[in-house]
Amino acid sequence: MLAFAVVPAAVQPTVARADNPIVQHVYTADPAPLVYNGRVYLYTGHDEDGSTYFTMKDWRVWSSADMVNWTDHGSPLSLATFSWASADAWAGQAVQRGGKFYWYVPVKTRATGRMAIGVAVSDSPTGPFRDALGHPLVENGEFDPTVFIDDDGQAYLYWGNPNLWYVRLNADMTSYSGSPTKIPLTTAGFGTRTGDPNRPTLFEEGPWVYKRGGLYYLVFAAKCCSEFIAYSTAPVPTGPWTYRGTVMPTQGGSFTNHPGIVDFKGNSYFFYHNGALPGGGGYTRSVAVEKFSYNADGTIPTITMTGTGAPQAGTLDPYVRQEAETIAWGSGIETEPSSEGGMNVGWIENGDSIKVKGVAFGTGASSFRARVASTTGSGTVEVRLGGLNGPVVGRCGVPNTGGWQAWTTVTCPVSGATGTQDLYLRFTGGSGYLLNMNWWQFTPVGAVAARR
Ligand code: FUB
């Protein structure tokens, strides 16, 4: 896709005051985090701009080493991956086993028009993913799969709305033993809902199952609508479950919510979604994250949504290549697949910006280089520190490279970039699209700048 050819109806937040929600340039929903190899990978759904229903066609992958700067890995899974699927790319989860990544997703089938669970597989957490089976793994008209692998290697698939089901997955992760079993939705297990005789318990959808300290947790979207997040616990993965209360109250401008919980670098994180971005709401949602600590007895505290999100877990190294699409807060920008691999930032106009949080310059940087492309040659990258209007420590002009995917490297001197600071790449120039950026890298004082 060429930056000048298509104008996406973008999410265009203009003020960079917060770092939550996690992604600003597309609407995201139904978070499913996975920790692998020192990074947290975040699998999400994708709400279309201006959507008035759950009109969802693809899923997205993001990753971070520090919980605040998130790299866009694009869309390695969509409805088109499943030849038998017709619609509803809803809430899924990816898990890793034996070096392969299995992504379980609910979709509507062409044949029956009912919801089913498909499974895609990849050798990499960022894909590409392919349909593992060529048909649904399981189909009973219900959705929202979560997969949990116990310490003994037994994997379980849970899913459901309005019921709650589980089945034991085989070690191949793409077949199962026995029949799907309905988990008894008792009020002792899942709380009491009033006002809906058809649904006497709070369980609505979006189960997320994991184990901590010998206790099994089932976190779920409760009541409808609006939903809140609640949880139950059990001594074994098949129950009986005991209702434990609220994780996150109803908040945030979306009538659904969806939980995902992981531990990362010694801390616990709760992922959810809300309608916090401009234009956001029940069908234009955004994934966000909060850090939390379990209570001493293993119960989960009540967590509220914030605009600041989780604190940064570490710092970002500016002296190694950083993808332009690694972003704490982006304003005005979009992303697209790059001809050089991965994604690039595009559709950059005058005044757009990228914030990268907690960049460890140490004793100082002497130059900045960026991989850029442009057909206009009218843009400049301002390298600023501390804020959008913070001091300019470098300024790189971008020439006409002959195409939006015709990449060249520009370099400019930097002075005054020391210590750990938030980096702002602010783009200036005339009207229209100015440049695309694939990656950037600083050179430390005393080192020789690389030529590419
Ligand atoms: O995103 C579509 C549906 O909305 C999900 O499957 C549910 O969990 C709810 O978030």
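Which residues is Tyr43 in contact with, leaving aside its neighbours within four places in sequence? In this predicted model, the partners of Tyr43 are Asp30, Pro31, Ala32, Leu34, Arg60, Val61, Ala94, Phe101, Trp103, Pro125 and Phe129.

Tyr43 belongs to the largest nonpolar core, which has 44 residues. Together with Trp59, Trp103, Val219, Ile261, Phe270 and Ile300, Tyr43 is among the members that touch the most others in this core. Strand β8, spanning residues 100-109, supplies the largest share of the core, namely four residues.

I turn now to the ligand. Twelve names are on my list for its surroundings: Asp30, Phe54, Met56, Trp90, Ala91, Phe143, Asp144, Glu205, Thr256, His258, His273 and Arg285. Asp30, one of these, is also a contact partner of Tyr43. Sorted by class, the shell comprises five nonpolar, three polar and four charged residues.

From Asp144, a polar side-chain atom is placed 2.5 Å from a ligand oxygen atom. His258 likewise contributes a polar side-chain atom, 3.0 Å from an oxygen atom of the ligand. Ala91, by contrast, takes part through its backbone, where a polar atom is 3.3 Å from an oxygen atom of the ligand.

How much of the ligand's accessible area does the protein cover? On its own the ligand has 270 Å² of accessible area, and the protein covers 99% of it.

Key. Residues are numbered from 1 along each chain as its sequence is written. This is a predicted model: local features need pLDDT of at least 70, side-chain atom pairs count only at pLDDT 80 or more; totals for chains, interfaces and linings use all residues. Side-chain values use heavy atoms; hydrogens and water are left out. A nonpolar core is a set of buried Ala, Val, Leu, Ile, Met, Phe, Trp, Tyr and Cys residues joined through side-chain atoms within 4.5 Å. Buried means under 20% relative accessible area, exposed over 50%, partly exposed in between (1.4 Å probe, protein chains only). Helices (H or I, at least four residues) and strands (E, at least two) are DSSP runs, numbered from the N terminus. Contact means heavy atoms within 4.5 Å. A residue is near a molecule or strand if one of its heavy atoms lies within 4 Å of it. A polar contact is a pair of N or O atoms within 3.5 Å; within protein, one must be able to donate a hydrogen and the other to accept it, and residues adjacent in sequence count only if both atoms are side-chain atoms. Accessible areas come from the Shrake-Rupley method with a 1.4 Å probe; for residues, only the protein chains shown count as cover. Ala, Val, Leu, Ile, Met, Phe, Trp, Tyr, Cys and Pro count as nonpolar, Asp, Glu, Lys and Arg as charged, and the others, Gly among them, as polar.
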